[in-house]
Amino acid sequence: MTGAARLVLDGVAKRYGRAVVLDDVSLEVESGEIVVVCGPSGGGKTVLLRLIAGTEQPDQGDIRIDGKSMLGLGAEQRDVGMAFQNFALYPHLTAYQNIASPLEARGLATAEIKQRVDKVAALLRIGHVLGHTPRELSNGQKQRTSLARALVRGPGTLLLDDPLRNVDAKLRYEMRLELPRLLASFGSAVIYVTQDYREAMALGRRIAVLRQGRFEQVGAPETVYGEPANLEIARLFGDPTINLYPCRPDGEAVELLGERVPLAPGMAQLAGREVMLGIRAEDIEVATEPMPGSVAAELDAVTPLNVRAVLYLRSRDGKELLATVPEDDALRFGRGHRPVWAKLAPDRFLAFDPATGARL
Amino acid sequence: MATTAGIVFPTAPRQSFGRAALPYLLSLPALLVCIGILVPFGTAVWYSLQRYNMNLPMMRGFVWFEQYTQLFQSSAFWNTVWVSLLYAVFTVGAELLLGLGIALLLRRSTWLNNMLSIALLLPLMVAPAIASLMWKLMTHPDFGIFSYLLSLVGIHDFRWASAPSSALFTVILVDVWVYTPFIMILLLAGLRSLPRQPFEAAELDGVPASFVFFRITLPMLMPYIITAALFRMLDSIQQFDIVYAMTQGGPGNSTLLFQVQAYLDFFKNFNVGRSAAMLMVLWLIANLISTQFIKHWLRLRERARGGAA
Amino acid sequence: MGRSSLGGAVLRGMLLTLVVLFFLFPILWVVLMSFQTNETILRIPPSLLFEPTLSNYTALISGKLVTNAGTLELAFMNNLKNSVVLSTVSVALALLLGVPAAYAFARFRFRLGENIAFTLLSFRFAPPLLVLLPLSLYFRQLGLTDTWVGLIWVYQLIALPLILWIVRGYFEDISPDIEHAYRIDGHGWWRTFTRIALPLARPGIAAAGLLAFIFCWNNFVFALILASADKQPVTVGALAFVTASGIQYGQIAAAVMLSILPTLLLALYAQRYLVEGLSLGAVKG
């Protein structure tokens with residue numbers, strides 16, 4: 001990648017009356033890079049997109065595209081394409097006219113418009129419905145028309161606002177595989193917004209977690225998942241949600257779930273502190289026989305989840321523990337209500353400060 | 001990403017001036033209309049505080065609220081209040097009853113019912129002043145069809161709008177003829193938008209029709225009824241066209257509604273101050289009613305919007 | 001609602017017939033009268049069978065009435081022309097001025113807009129004479145009495161608030177994202193307004209224009225106070241007929257018919273818009 005980033009957000013802030021929606025947001029996106037902005041609803045993701053697209057102006061900070069400041073410039077003066085969550089197709093125009101709109105705005109010749117629209121429609125496999133109005137399209141076709149419209153001009157910056165949200169599950173999986181390939185051929189700087197962490201991890205080269213108007217962590221998917229900056233991010237990423245327990249480690253081990261559980265040597269400096277200890281469900285091994293360093297628990301229930309099964313365990317001191325195992329393995333456990341032993345991988349523990357939530 | 005902490009960027013012009021001025025430019029004509037309303041309104045308030053008779057220009061002077069106190073002491077004023085009240089109550093009452101009845105009759109959405117509801121809309125499309133003219137023709141003592149029909153049942157010499165005893169009745173009748181369709185369409189739309197479940201359940205339970213009407217239909221329809229009633233009351237108490245076209249306020253003072261009285265005071269007696277004061281009183285009454293109406297109407301609109309969305 | 005006993009159905013039929021008779025009979029009767037000569041009208045008992053005549057209409061249209069007392073000039077056609085001009089021009093102007101303003105109110109939240117909207121709404125329910133009586137004095141001073149400019153401007157007081165209120169709601173119903181998308185595509189705000197907002201709000205604009213036309217056409221008191229014989233519309237003109245001597249009742253009936261025909265036809269043609277507009281959005285048609 002060349003030096004200068006395509007899209008630069010520099011200390012952007014936005015307020016509505018008293019409510020601060022975005023506070024000191026900065027990010028750089030290169031050409032051809034997909035950055036996923038992930039976070040709970042109300043975090044400011046849609047506002048961020050509106051600021052980049054130009055339908056609103058930031059109260060503070062700068063937005064630069066290709067090195068040029070976008071302050072004061074309206075949406076129509078920016079080289080940005082956007083696909084909306086609810087598609088935002090023009091109901092009184094055909095799919096063809098919808099897609100042609102950005103080209104029309106640039107004053108291209110009819111013949112060239114047709115060529116480019118046909119090309120991108122073929123890419124998204126909607127060539128056969130170009131003559132339909134949005135009302136006559138299925139949700140999946142509407143979503144791809146919306147994408148086509150955003151892509152047809154080959155914009156330098158592409159904004160995708162949770163485009164797969166209103167699409168049925170099967171199609172969502174297909175698109176999740178297709179999108180990176182599709183976007184790679186256009187080379188735009190892409191910001192993809194979603195609430196679904198799995199989508200974020202599947203699509204993004206980097207993930208930027210936006211919570212309460214700030215980027216709380218920006219990094220590669222593995223980093224955000226494996227080394228979350230704080231409790232909330234750890235909770236956000238992972239299904240089932242990470243198991244969290246307040247406790248006080250004593251250097252080598254910790255009183256947890258009614259037993260003494262060994263810790264990895266790296267956690268020695270936490271001795272004596274009050275911490276929230278987290279362990280992900282997939283880092284727990286469950287067996288019908290005791291294992292060294294394992295915790296005795298009661299298996300309450302088994303729930304299949306995709307190709308894994310979630311085991312609901314209850315520790316000796318009454319706390320709940322969730323573990324996942326491959327579905328085939330789960331067959332061993334039947335439907336539950338039997339004693340089991342759970343081994344919590346010592347080096348997979350995550351420690352958080354109970355007061356601030358930050359990771360230690 | 002590190003931020004440039006500590007440095008405050010100067011706030012660049014967030015929008016071009018033209019873009020910010022756009023909404024004001026677009027609404028300029030509406031603003032002009034507003035001014036066109038507020039200026040005469042202000043003038044009317046100003047006049048109502050004066051003794052101002054165009055016949056006696058030298059007597060013109062500022063008298064504060066004397067105009068109002070004199071008004072409240074004059075029997076003519078109270079006659080106007082009484083007549084206007086009678087008119088408003090009887091027109092709205094009759095229109096509500098009739099309108100509700102017709103809406104109930106046309107409740108089911110059949111081809112015939114829909115055709116009829118369109119046909120019944122027609123009197124509302126006639127200019128009220130022209131409606132008065134039509135009824136004048138029909139109640140003419142010599143050739144009026146209604147006079148004739150009355151004579152068939154033994155009532156001769158019913159003077160309709162020519163007698164003080166029956167003039168108010170006649171104008172009320174014209175008002176009912178013109179405005180009942182308005183109540184009808186409002187209540188019909190309300191009826192058709194009611195959820196089906198309570199009625200289906202009642203039918204399954206074998207509940208008698210009168211119970212269904214009084215305990216289910218009516219309460220659910222109440223917001224529409226109240227909105228319609230307030231709206232019509234507002235217009236009815238300020239009625240001018242129908243009354244003026246029919247009787248010009250007469251015979252005697254039997255149909256002197258507020259605006260008719262004010263009009264005559266201005267153009268016949270040239271008493272600018274007194275007519276302005278009377279209109280201000282009317283405006284106050286209308287304001288009280290309209291705040292109630294707007295509250296109910298906005299609630300109704302939210303409900304329709306929410307349902308449709 | 002499925003309780004249709006025969007007795008119930010008969011009762012419903014009877015009641016509906018009475019209702020229809022009451023509301024439609026007057027219109028029918030006046031139509032008949034307009035085709036009758038004075039002798040036919042004055043005949044007692046009145047009969048449904050008679051020899052129809054077009055003389056009333058020809059007299060009105062030609063503007064000349066030949067009676068025993070001589071030839072009378074009938075100015076009714078002028079009144080009709082005035083109504084047509086006043087209503088169409090006023091509504092056209094109100095649409096031109098009001099639709100962009102409604103767009104501004106719908107899309108931009110600005111204090112002045114809310115104040116204007118509030119003022120216009122509150123004065124919808126104020127007594128017209130409160131504004132008209134002082135206005136008549138101003139008009140006289142400014143020389144605007146009985147002029148096209150003066151009347152069309154005053155008719156804006158009728159048409160504009162109506163258009164603003166109805167059309168604003170329709171603009172608000174358009175999802176803002178659609179307009180944002182069009183702007184991001186690269187179009188400016190004017191094109192967004194004309195290519196996206198206007199087409200999508202067209203039903204509302206039609207309803208508003210229709211209603212405004214009917215209200216302007218049916219208006220009586222504005223023209224009564226601010227116009228003289230030259231510019232009077234049919235509402236005032238028809239009434240003047242009654243007091244003029246030598247006018248025959250058949251012509252009055254014919255004048256009434258000509259006065260109400262446009263609004264009746266409009267209502268029949270576009271009744272769905274009417275219901276929505278009349279209830280001011282309280283019910284969706």
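Me: What makes β6(A) and β7(A) a strand pair?
Reply: Four bridges join β6(A) to strand β7 (residues 157-161) of chain A, and the two run parallel. DSSP has to find at least two bridges between two strands for them to pair, so four bridges are enough here. One spot to look at is Ala83(A), which stands opposite Leu160(A) in β7(A). The model is a predicted one: local features need pLDDT of at least 70, side-chain atom pairs count only at pLDDT 80 or more, and totals for chains, interfaces and linings use all residues. Residues are numbered from 1 along each chain as its sequence is written, while chains are lettered from A and ligands numbered from 1 in the order in which they are written.

Me: Where do the residues of β6(A) point, and are they buried or exposed?
Reply: Val80(A) and Met82(A) point one way from strand β6 (residues 80-83) of chain A, Gly81(A) and Ala83(A) point the other way, and all are buried. Buried means 20 or more other C-beta atoms within 10 Å of the residue's own, exposed means 12 or fewer, and partly exposed is in between, with C-beta atoms placed from the backbone.

Me: With which residues is Gln141(A) in contact, leaving aside neighbours within four places?
Reply: Ile126(A) and Val129(A). Contact here means that the C-beta atoms of two residues, placed from the backbone, lie within 7 Å. Gln141(A) and Ile126(A) are 15 residues apart in sequence, and 6.8 Å separates them in space, C-alpha to C-alpha.

Me: How do you know what span to expect for helix α3 of chain A?
Reply: The expected span is 1.5 Å times one less than the number of residues. Helix α3 (residues 110-123) has 14 residues and reaches 20 Å from its first C-alpha to its last, close to the 20 Å expected. Helices and strands are DSSP runs, by the way (H or I, at least four residues, for helices; E, at least two, for strands), numbered from the N terminus.

Me: Which residues of α3(A) are buried, and what do they line?
Reply: Ile113(A), Val117(A), Val120(A) and Ala121(A) are the buried ones. Looking down the axis of α3(A), they fall within an arc of 105°, so they line one face of the helix. That arc is taken over the directions from the helix axis to the C-beta atoms. As background, an α-helix has 3.6 residues a turn, so residues three or four places apart point the same way. The buried residues of α3(A) pack against α2 (95-105) and α4 (139-151) of chain A. On the face turned away sit the exposed Ala111(A), Glu112(A), Gln115(A), Lys119(A) and Ala122(A). Just after the helix, Arg125(A) takes a positive phi of about 55°.

Me: What makes β2 and β5 of chain A edge strands?
Reply: They belong to an open, antiparallel sheet of four strands in the order β2-β1-β4-β5 (chain A). Both β2 (19-29) and β5 (68-69) have a single partner strand, so one side of each lacks a neighbour in the sheet. Inside that order, β1 (residues 7-16) and β4 (residues 60-65) of chain A pair in the antiparallel sense over five bridges, with Leu7(A) opposite Ile65(A) in β4(A).

Me: How many residues of chain C are in contact with chain B, and what classes do they have?
Reply: 77 residues of chain C are in contact with 74 of chain B. By class, that side of chain C has 61 nonpolar, 13 polar and three charged residues. Nonpolar covers Ala, Val, Leu, Ile, Met, Phe, Trp, Tyr, Cys and Pro, charged covers Asp, Glu, Lys and Arg, and the others, Gly among them, are polar.
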